[in-house]
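Colleague: I would like to go through this structure with you, one contact type at a time. Please end each reply on the value or name I ask for.

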Amino acid sequence: MMIKRIFTLGLAVILWNAVSAQGIMGGHVTGNVQLDGQMSSADSVIGAQDVPENLLMNARADVLYTNGDFSAGLRFEMYQNPLLGFDARYKGQGLANYFVAYNGEKLSITAGHFYEQFGSGMILRAYEDRYLGLDNALLGMNVQLRPVPGVTIKGVIGRQKIFWEYGEGLVRGIDGEVNLNSVLGFMKECKFRATLGAGFVSKYEDDEVITSAVNPEYRLNLPLNVGATSLRADLGYGNWSLQAEYVMKGQDPNAINGYVYHPGQALLMNLVYSQRGFSASLQAKRIDNMGFKSVRSQSGEMLYINYLPAITKNHTYAFLSMYPYATQVNGEQGLQADVMYKFKKGTFLGGEYGTDIHLNSSVVYGLDTTVTGGAGTEGYTVNGGLGQTLYGDVSVEVAKKLSKSVKLTATYAYQVFNPVVENEPGSLHHNNIVVADLQWKVNKQHALRFEAEWMGSDSHYDANDPEHSDRRAGDWIMGLVEWNIGTHWFVSASDQYAYNDGVGNYYNLSVGYTSGATRLQVGYGKQREGLLCIGGVCRTVPASNGLTFSLTTSF
Amino acid sequence: MKKIFLGLIGLIGLMGLISCDKIEEGEYTVYDGAKVSWMSSSASLTAVQRVYVEKYTGPRCSNCPLADATLSGIHDERVVMVSINHPTGQGTPYPGQPDMRTDGGTVWDNWFGINAIPAAYINRDRSTQYLGEMSNIIGDINQALTVEPVIALEASAYGGLSELDVLVNLEFVKEYTRPLTITVALVEDSLVYRQLLPDNSTDDNYVHNHMLRKVATSYWGADVEASGAVGEALMGTVNFSVDSDVNLENSHVVVFISDKASRKVLNCAQCKIIFEEE
């Protein structure tokens with residue numbers, strides 16, 4: 001605590017001097033501020049709870065000072081009280097992030113909080129996502145060496161942030177990456193491009209008593225140091241590229257895997273072909289017991305050392321994203337294919353302005369396993385086949401400019417969703433979704449956007465058991481109108497209505513004003529309960545009913 | 001370039017070696033014993049200082065009957081004895097004879113570094129080891145009984161067919177703020193099996209007493225959740241299972257309280273098992 005105060009005081013003095021005497025120290029200060037507020041009242045139909053505080057607010061202000069190779073920053077955060085869906089442990093206010101950094105040509109050092117990623121993040125990714133309420137920053141030291149062009153070596157050590165505290169586990173990591181085209185003389189002009197990398201991350205955590213599931217008189221003999229290794233390659237030739245990463249994790253009995261000793265491993269591959277007007281990619285992923293946290297007893301989304309990339313499309317339309325896929329860290333395997341093609345202008349399908357078509361499909365299965373025991377055992381063995389279906393979707397999106405001022409995007413998608421992904425019982429949901437999105441630039445001052453969506457689902461809402469029934473179930477329709485007035489104002493109105501086998505009428509009105517880097521938005525309406533997922537990492541969003549507002553600015 | 005790459009791989013490999021623990025299959029769990037549930041107590045105990053005598057023995061140890069003879073001459077009920085079967089060598093059972101070796105006893109044996117039996121310790125004080133006939137142990141036991149108790153300790157045990165409930169009462173007579181542990185063990189008397197005698201003959205009807213059959217708590221005891229203030233009284237309850245080859249009618253429960261760091265025993269108690277009607 002004393003060190004933190006001294007550090008903060010020192011940083012404040014530096015920043016104050018920088019601001020008050022920029023002419024002497026040089027450098028510049030940048031930053032951004034965001035305030036999000038919410039008022040909500042009870043609504044038994046949609047399951048919204050009353051907010052006794054009447055007003056909830058999340059706020060943050062980032063300040064960054066840079067002067068040549070030197071930079072320092074801090075972030076103030078306030079959750080008084082946290083918005084619905086954000087963990088109540090965020091409640092409070094204070095300095096949430098601070099650092100000083102030197103970023104030279106061959107050496108970078110950060111002391112304080114830092115974010116870092118090794119490879120695709122499967123052994124280490126310290127990151128923050130304010131919309132998920134996630135901040136896995138490491139507090140410690142981050143050193144990066146670039147001894148010769150094309151070679152980067154990173155070393156990190158620190159403890160992970162969890163709300164206003166830090167996890168007990170100590171995270172250490174080293175990572176190296178070599179770009180062969182930069183380092184090897186004969187490859188400098190080569191069409192074949194290659195970058196190779198390897199990393200190792202280890203966490204140390206004190207011993208603790210965790211009772212065996214087999215015999216309560218026995219406790220687990222816990223590995224105090226758990227390591228994870230990554231090997232990766234990024235290869236390219238002409239229009240082709242291939243990224244592949246394989247990671248292994250040692251025995252890591254933890255709350256997520258039920259304290260079993262089965263080692264972890266994961267493989268991620270992405271093959272891409274792209275040329276003007278056409279691109280295609282095929283992605284494959286297989287995960288086996290790769291939940292890697294700095295505190296073994298921690299469940300939930302906090303204190304993950306690693307990140308397991310999603311291979312399902314991150315949809316943006318409301319009904320397409322109603323059932324997002326959450327990565328199953330204990331085990332999953334899947335494929336994603338993505339094709340984009342542009343029909344040129346003047347062709348039969350391209351018409352006067354060209355037509356874009358985007359096909360995407362992904363499928364995710366669980367692992368085929370045989371359970372051999374519970375806590376304090378190997379846990380399970382993995383067989384060669386496919387486990388249960390977890391998720392699948394196929395979508396076709398056609399975007400066509402109908403005239404100089406009108407553009408239509410039409411989407412059809414079919415989804416299969418297994419509620420087990422959200423740890424809920426139930427059978428597979430099958431959803432058909434159609435979206436029409438029309439953008440009309442009326443004139444230089446006014447633009448309109450119309451969106452219509454329909455979803456037909458075989459899921460059913462059980463009105464007799466609203467506590468345990470999914471309010472996303474049933475058949476839905478939605479309409480949205482958005483009006484942009486000049487460069488400053490926008491107004492939108494939308495309504496989602498469950499017309500069959502479902503419940504709820506979720507209307508929303510929203511007004512926004514933008515001036516330079518400042519944006520204010522005020523909304524009123526109902527929010528359906530569900531899951532917000534970004535990159536396979538999810539946050540539960542409870543139902544709400546009332547006013548929301550948001551103010552963002554940067555300087 | 002090659003040097004950098006090899007250096008990097010070497011560094012990562014080195015870190016991997018030093019920063020990843022591997023637990024062998026079969027060692028995923030370790031004995032932790034039955035849990036002790038503590039609550040404050042209003043019981044007022046009579047402070048009696050007892051002495052804990054831990055003896056290491058074995059069926060193939062010809063001098064062990066000499067130690068047994070010495071210790072069997074002690075009739076003071078304040079002396080609590082536990083006999084532990086040495087895990088190897090002279091502790092190895094004869095073919096077809098009962099195996100009295102226990103996991104807990106082996107852990108204690110290893111901690112003392114026992115390499116010759118019979119051996120004994122008073123109150124787990126490693127500074128003095130008693131060997132052979134142990135005639136010199138009597139005086140030291142009597143001396144230890146004169147020490148003023150720090151903690152008053154009493155125990156009672158209630159049994160069914162395969163489970164025991166042990167009730168432990170303790171009260172701080174003097175302040176003791178260092179961490180303490182309490183160990184609960186099951187000891188069986190009147191076990192008859194082959195023993196090597198001093199004349200190198202064997203006696204198939206040798207009667208073995210005070211044999212450790214199970215350490216019910218973790219081997220080094222469960223934490224005592226107390227501040228150690230004078231007058232502080234606690235009641236702890238322990239429930240544990242008993243293997244079917246233990247004759248509970250010939251058994252008793254031994255309880256001792258130890259300094260967690262030094263493992264020296266501060267006081268101990270023993271009790272017969274009261275059988276609950278089925």
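Colleague: Which ring does the charged end of A:Arg528 sit over, and how far is it from the centre?

Modeller: This is a predicted model. A charge counts as over a ring if CZ of Arg is within 6 Å of the ring centre and within 35 degrees of the ring normal. The charged end of A:Arg528 meets this rule over the ring of A:Trp476, and its distance from the centre is 5.2 Å.

Colleague: What is the distance from the charged end of A:Arg125 to the centre of the ring it sits over?

Modeller: The ring belongs to A:Tyr307. The charged end of A:Arg125 sits over that ring, and the distance to the centre is 4.3 Å.

Colleague: How many aromatic pairs are there over all chains, and why is the pair of A:Tyr79 and A:Trp164 classed as it is?

Modeller: Over all chains, the search of the whole structure gives 24 aromatic pairs. In the pair of A:Tyr79 and A:Trp164 the ring centres are 6.2 Å apart and the planes stand at 75°. Planes over 60 degrees apart count as edge-to-face. The pair is therefore edge-to-face.

Colleague: How many residues apart are A:Tyr79 and A:Trp164, and where do they lie?

Modeller: A:Tyr79 belongs to strand S3 (residues 70-79) of chain A. A:Trp164 is in the loop between strand S11 (151-162) and strand S12 (165-179) of chain A. The pair links distant parts of the chain, with a separation of 85 residues.

Colleague: Is A:Trp164 buried or exposed, or in between?

Modeller: The cut-off for buried is under 20% relative accessible area. A:Tyr79, at 9%, is therefore buried. A:Trp164 has a relative accessible area of 25%, so its class is partly exposed.

Colleague: What is the angle between the ring planes of B:Trp111 and B:Phe112?

Modeller: Both B:Trp111 and B:Phe112 are buried. Their rings form an edge-to-face pair, 4.9 Å centre to centre, with an angle between the planes of 65°.

Colleague: Which residues do ring pairs link into a cluster?

Modeller: The cluster is in chain A and is held together by ring pairs. Its members are A:Trp240, A:Tyr273, A:Phe278, A:Tyr341 and A:Phe343.

Colleague: What is the area buried between chain A and chain B?

Modeller: The size of an interface is often given as the accessible area lost when the parts come together. Here chain A brings 37 residues to the contact and chain B brings 26 residues. Carbon and sulfur atoms give 66% of the buried area, which is about 2600 Å².

Colleague: Which residues form the salt bridge across the interface of chain A and chain B?

Modeller: The rule finds one salt bridge across this interface. Its closest N and O atoms are 3.2 Å apart, and the partners are A:Arg219 and B:Asp32.

Colleague: Which element gives the most to the side of chain A that touches chain B?

Modeller: Nine residue pairs are in polar contact across the interface of chain A and chain B. Elements giving two or more residues to the side of chain A that touches chain B include helix H3 (180-183), strand S13 (192-204) and strand S15 (225-237) of chain A. With six residues, the element that gives the most is S12(A).

Colleague: How many residues apart are A:Asp356 and A:Lys342?

Modeller: A:Asp356 and A:Lys342 form a salt bridge, with the closest N and O atoms 3.4 Å apart. A:Asp356 is in strand S20 (residues 355-371) and A:Lys342 in strand S19 (residues 331-343) of chain A, a separation of 14 residues.

Colleague: What is the relative accessible area of B:Asp204, and what is its salt bridge partner?

Modeller: The side chains of B:Arg194 and B:Asp204 meet in a salt bridge at 2.5 Å, N to O. Both residues lie in loops of chain B, so the pair ties together parts that are 10 residues apart in sequence.

Colleague: What percentage of the residues of chain B count as buried?

Modeller: Chain B contains four helices and 18 strands. Its C-alpha trace spans about 80 × 55 × 45 Å along the principal axes. Of its 278 residues, the part that counts as buried is 51%.

Conventions: Residues are numbered from 1 along each chain as its sequence is written. Chains are lettered from A and ligands numbered from 1 in the order in which they are written. This is a predicted model: local features need pLDDT of at least 70, side-chain atom pairs count only at pLDDT 80 or more; totals for chains, interfaces and linings use all residues. Side-chain values use heavy atoms; hydrogens and water are left out. Rings of Phe, Tyr and Trp (its six-membered ring) pair if their centres lie within 6.5 Å; planes under 30 degrees apart count as stacked, over 60 as edge-to-face and the rest as tilted. Buried means under 20% relative accessible area, exposed over 50%, partly exposed in between (1.4 Å probe, protein chains only). Contact means heavy atoms within 4.5 Å. Buried area is the accessible area (1.4 Å probe) that two parts lose on being put together, summed over both. A salt bridge is a side-chain nitrogen of Lys or Arg within 4 Å of a carboxyl oxygen of Asp or Glu. A polar contact is a pair of N or O atoms within 3.5 Å; within protein, one must be able to donate a hydrogen and the other to accept it, and residues adjacent in sequence count only if both atoms are side-chain atoms.
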